[in-house]
Amino acid sequence: MIYLDNSATTKPDSSVLDSFVKVNESLWFNPASIHALGDQTNRLLESARGQIAELLKTQTKSVIFTSGGTEGTNFVVRQTAKARKSIGKHILISKVEHPAGIEVGKLMLDEGFEVDWLEVDSTGAIQLEDLKKKIRRTTTVVSIQHVNNEIGTIQPLQECLEIIRSNSRAIVHVDAVQSYGKLPVDFDSLPVDWLTLSGHKFHGIKGSGVVVCSKAIDLEALIVGGGQEFGLRSGTAPVAQAVALAKAMRLAHQDQQVTHDKLSLLQQRLLDFFSHHPLVTVLTPKNAAPHIVTVAVKGVTGEVLVNALEKHEIYVSTSSACSSKKKSTSHVLEAMNVPNELIDGVIRISMGKDTTEQDITTFLKTFDLILRQLERNLQ
Amino acid sequence: MNRIYLDHAATSPVHPDVIAALTESYTTCFGNASSIHETGRSARKQLDQARERLAATIQAHPNEIILTSGGTEADNLAVLGAAYANRHLGTHIITTSIEHHAVLHAAMQLEKEGFEVTYLPVTEEGLITVETLKNALREDTILVSIMFGNNEVGTIQNIQELAGVVKDHQTVFHTDAVQAYGTLEINVNELGVDLLSTSAHKINGPKGIGFLYQRAGTKLRPLAHGGQQERKRRAGTEAIPLAVAFAKAADIKQQSLRKHHLTMLSLKQHFLDELTRLGVTFEENAKSAEQLPHICNLFFPQTDIETLLIQLDLAGIDASSGSACTAGAVDPSHVLVAMFGEQAPQLRSSVRFSFGYTTTKEQLTEAAEKIAGVLATPASIWK
């Protein structure tokens, strides 16, 4: 099997899985219990929190465990805006956010917030002029992805931050779900206010995630109850998930540069091939994140290609997994003004730390074969 | 020292077969259930099967099961989701004074947002009577949320009868069955509830997963928005191995429901008999109510709970003052306050012991002896 759908989800690292199972076997206690076993479990939870804080260069109490990326984005964007209602009701969200960001924006429109959507250019990058035009003194929250999940564009966060900081006191949330482990992600390299991460995108486990802030910021809990996670996220803390997340982050962080360099070379091979192919238009821009290559193939739908590749045990996707069951076209490609005749034939190849040169060689050969067959059938 | 864990209502050990199911699911299938290729499809299949098995445990349809990150999220989704979705029909909500904080704090949040909440009182046994519900019910009531089995004192409410009161009323009926699920037989059709919350880690499953049963036609507004997972009721990539493990834990419980119930009853009786035999002075809280067999809340007159728990801890016994979620600060239990009033001696001197499948008679004999020993120490330590 050649798995090239790592932006949808990744295979958990075996050592991460080991830690996860070990905690489930031995330290399954409730970290809120005051007895010795609860205390021991709590210390484990806190050490995972401490490791994550250190990796992201912030304080321990700024790390809040969640059930994943979607919860993270919902929590930070919506609950920060709610908490800052007295300052203003204006929020900015980019047009190419993950569906979690888009849907939260729509919901907030319904709830009486003023939501402006940031335009992107043909490479999927935020138009800085548009941001300058839309930012207000009273904007309370701005939410932007670090790396786009459908085509891999890296957003110009430094430039965006300069504009945001000099024109407002908005809290800046960055969805770093796709970038962690591929690009440097911490508060030194990205001086934003909130980061959202999801474990299963970097060889951790599903149902684990974290939101982290650079300094204490007011927001209301999204899930209320026992008051765990500093009162910001109730529910018995799944310590095994927290430990697995910290471990997956440590591994991803350790290997980040190596992963980046390796994937960049593989990406270049894919781009060289695709850019010379007469039927293929490359949608992933230059200087994108190294693990994603998205292309449009003329005369064939993405589904047909996904299915044809699958027969050779090669797994890619059409756009994002979260929207691939939807009938409508991709909101990201629409925002980039990708012509309609291209949108149907889009496939995304997304690599992971275990992707090899041989995988890419086999993929390219198979892709070529499939396209030749399709052409023959058409003639 | 072999510790004796008597805090299964706080959380329970993960069953070895559940761990095996968890590991197997992770190694055989790591795909994203929304992906259209084979890896995604096999993930989808595992997810569908887990959902079917979970639905079967409460006689529900698989589409009526919304997987969540646990009992708290399920309770929040039920209370907040039903309130927001039905606001056009009214703003009155009824719940009780003995709910878990996941329901209570959600209700308090709704109060801040302009909803009106009635907190039903309970008897000294922790029971909600049909009359109090009838009296509280109004034309503009949109949600009634009453816990199935209480997590602190174990009192079981007659949910079927209470839900019957609102049968012909517009209101949605929710029950938090986190403690009852896996111990009592639950048939959502006989019960007549619209929403019912559960959690895996209370029934020897993993933490971080639970479900909300949502009767077809019951309106909810989601808490998390994004992808179209869970039929647009709960966005976020599904944690399939956790769902598979939850289904496994639920199956194990379901297969031995009666036997487990009887075992828990006999363990509890044994524990009480041993304490009596050793001459310990105690009273069982909510004694004459129908109770969850795995929860045993005891009042030890003239003792101080904090000191008592520390002494028990040192003696190797893990017990709790109430729910673990509030255990960090030993505030008086809101459940005991509701049952006995603000000034009752029970508030300062009650301990919850809760049992599970790993609990043995020998452990309970030893625990009773240790408790007797701790209580025999000079009364001065209780000051």
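The model is predicted: local features need pLDDT of at least 70, side-chain atom pairs count only at pLDDT 80 or more, and totals for chains, interfaces and linings use all residues. Residues are numbered from 1 along each chain as its sequence is written, and side-chain values use heavy atoms, with hydrogens and water left out.

**Domain interface**
- Chain A is divided into domain 1 (2-8 + 256-373) and domain 2 (14-252), with bounds from an automatic or database domain assignment.
- Their C-alpha centres lie 27 Å apart.
- The contact (heavy atoms within 4.5 Å) takes 29 residues from domain 1 of chain A and 28 residues from domain 2 of chain A.
- On the side of domain 1 that touches domain 2, α10(A) gives the most, with four residues; helices are DSSP runs (H or I, at least four residues).

**A:Lys182**
- A:Lys182 is found in the loop between β6 (171-175) and β7 (194-198) of chain A; strands are DSSP runs of E, at least two residues.
- A:Lys182 is buried yet has no salt bridge; buried means under 20% relative accessible area (1.4 Å probe, protein chains only).
- The nearest side chain of opposite charge, A:Asp175, is 11 Å away; Lys and Arg count as positive, Asp and Glu as negative, and His and the chain ends are not counted.
- A polar atom of the A:Lys182 side chain lies 3.4 Å from the backbone oxygen of A:Lys201.
- Beyond neighbours within four places in sequence, A:Lys182 is in contact with residues including A:Gln256 and A:His260.

Key
Chains are lettered from A and ligands numbered from 1 in the order in which they are written. Buried means under 20% relative accessible area, exposed over 50%, partly exposed in between (1.4 Å probe, protein chains only). A salt bridge is a side-chain nitrogen of Lys or Arg within 4 Å of a carboxyl oxygen of Asp or Glu. A polar contact is a pair of N or O atoms within 3.5 Å; within protein, one must be able to donate a hydrogen and the other to accept it, and residues adjacent in sequence count only if both atoms are side-chain atoms.
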